[in-house]
2 protein chains.
Amino acid sequence: MTLSIIPVAGVPEVTEGADLAVLIGEALAAGPGAEAGDVVVVASKVVSKAAGRRAPADPVPGPEAERLARETEMPAPQVQLVLDESSEVLLAAPKVLVVETRHGFVCANAGIDRSNAGPAGGALLLPEDPDAAAASLRGALEGRFGVRLAVLVSDTFGRPFRDGLVNVALGVAGIDAIRDYRGEVDPDGFRLRGTEIAIADELCSAAELVMEKLAKVPVAVVRGYAYPPATGSGRTLLRDPATDYFRPGRA
Amino acid sequence: MTLSIIPVAGVPEVTEGADLAVLIGEALAAGPGAEAGDVVVVASKVVSKAAGRRAPADPVPGPEAERLARETEMPAPQVQLVLDESSEVLLAAPKVLVVETRHGFVCANAGIDRSNAGPAGGALLLPEDPDAAAASLRGALEGRFGVRLAVLVSDTFGRPFRDGLVNVALGVAGIDAIRDYRGEVDPDGFRLRGTEIAIADELCSAAELVMEKLAKVPVAVVRGYAYPPATGSGRTLLRDPATDYFRPGRA
């Protein structure tokens, strides 16, 4: 089955308090519409904008922020912002703190980003609850279009070992984040092992290819992907820290 | 621009010595054809099969393999196979060795895989030189179809922090593996920082969504993705070990 990855143009600048489901619904209606099974991928940035998830202008750095600011050569207020969003600092290196966010995501600088923050500028935080945002958008869009949909809230993360960033799924609704081939048998009768595919991340990476950062396309539709209906959650994609061997101190 | 991710059916079982470019060319000709700019994504497994990259049946484990076999509870000959393909062992954990392969890829068990190995069974090694394989396929397919193409040789890797596997690019030809937005300016005049997107990995992840492991679809075409012509190399995607902070011992 051929997939289509469709950019959704026409989402206006999202401001705090905007009804994102209405804005995305309008853009879908004016564009590709919504068909049963469509996976709607939404940049976390617009979710944060609608929810007013902006960083406070000038947080007062505490002693840990001051210490990490010296270690990373980052401004101490910026470090304090990262700490406020984090449950654990995994690594401090020049210009970067790799943390576990309060949601459990491991990423640089708690995903706080100053680019594409809108005319108001400032820094955007990750959505408070990406799964809830995905579920809410899914409910509203399913109601509007009368078809079953999946919604993924996506952001752009770095990763160890490999250069360059890729889009991953933070919030997931309507689809299992991981497709599990374990126990299935290949065409030669060999039982497949260890092949749990992070399809939600792959769908977000596919969508990134049409979500042009410079052209303000914060939504894309993946059409034609077959999957069983499911509640889904982005938390499925978080490794158990106990077997997450590359966490510092655990190797 | 809407992308199409097209599975390419009809590639027969690939045997050692087969001319993979001819087999893929026939399958393309019988299917979606090839259009200028198409990105042809090929599972590394069929590249390995054509090149006869099969593991020796019973390598004799040396002392390091014996030690790591005890540590990982893996069979010592299997550990020796992994060591033979690796330049460094990064981590030994129950049932897994994470290594840097002789190519520089960081992955579990040097990418050696016993599933979908074909009727002969046994274990397949990663291709000897994935970039060269991609370039060779690109040259042959461009010659056959008379259009400019890109070719990616892809495999399925795990990653720290996030559960589930995703497809990444090992070999790259005809496209830059990373798209660099640094220095460009967002719609509000904010200069984008640190946004180098690993598009070759994202293209491979997109292709994985149609490359069904159980249905023998080892090739997919991504059609409609705009990119400047380039030589390209999968090595661009390998982090410099000196700043690869999550390598054990470097944190």
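Visitor: Leaving aside its neighbours within four places in sequence, which residues is B:Arg223 in contact with?

Guide: Contact here means heavy atoms within 4.5 Å. By that rule B:Arg223 touches, beyond its neighbours within four places in sequence, B:Thr2, B:Leu3, B:Ser4, B:Ile6, B:Pro32, B:Gly33, B:Ala34, B:Glu35 and B:Asp38. Bear in mind that this is a predicted model, where local features need pLDDT of at least 70 and side-chain atom pairs count only at pLDDT 80 or more, while totals for chains, interfaces and linings use all residues. Residues are numbered from 1 along each chain as its sequence is written, chains are lettered from A and ligands numbered from 1 in the order in which they are written, and side-chain values use heavy atoms, with hydrogens and water left out.

Visitor: Which element does B:Arg223 lie in, and is B:Arg223 buried or exposed?

Guide: Helices (H or I, at least four residues) and strands (E, at least two) are DSSP runs, numbered from the N terminus. B:Arg223 lies in strand S10 (residues 219-223) of chain B. Buried means under 20% relative accessible area, exposed over 50%, partly exposed in between (1.4 Å probe, protein chains only). At 15%, B:Arg223 is buried.

Visitor: Which side chain does the side chain of B:Arg223 make a polar contact with?

Guide: A polar contact is a pair of N or O atoms within 3.5 Å; within protein, one must be able to donate a hydrogen and the other to accept it, and residues adjacent in sequence count only if both atoms are side-chain atoms. The partner is the side chain of B:Glu35, at 3.3 Å. A polar atom of the B:Arg223 side chain also lies 3.4 Å from the backbone oxygen of B:Gly33.

Visitor: On to helix H1 of chain A. Which of its residues are buried?

Guide: Here's the general idea: an α-helix has 3.6 residues a turn, so residues three or four places apart point the same way. In H1 (residues 20-30) of chain A, the buried ones are A:Leu20, A:Ala21, A:Leu23, A:Ile24, A:Gly25, A:Ala27 and A:Leu28. Their cover includes strand S2 (39-43), helix H2 (44-50), helix H5 (130-145) and strand S10 (219-223) of chain A.

Visitor: What joins chain A and chain B? How many salt bridges are there between them?

Guide: A salt bridge is a side-chain nitrogen of Lys or Arg within 4 Å of a carboxyl oxygen of Asp or Glu. The count between the chains is four. One pairs B:Asp201 with A:Arg159, the closest N and O atoms being 2.6 Å apart. There are also 24 residue pairs in polar contact between chain A and chain B (both at pLDDT 80 or more).
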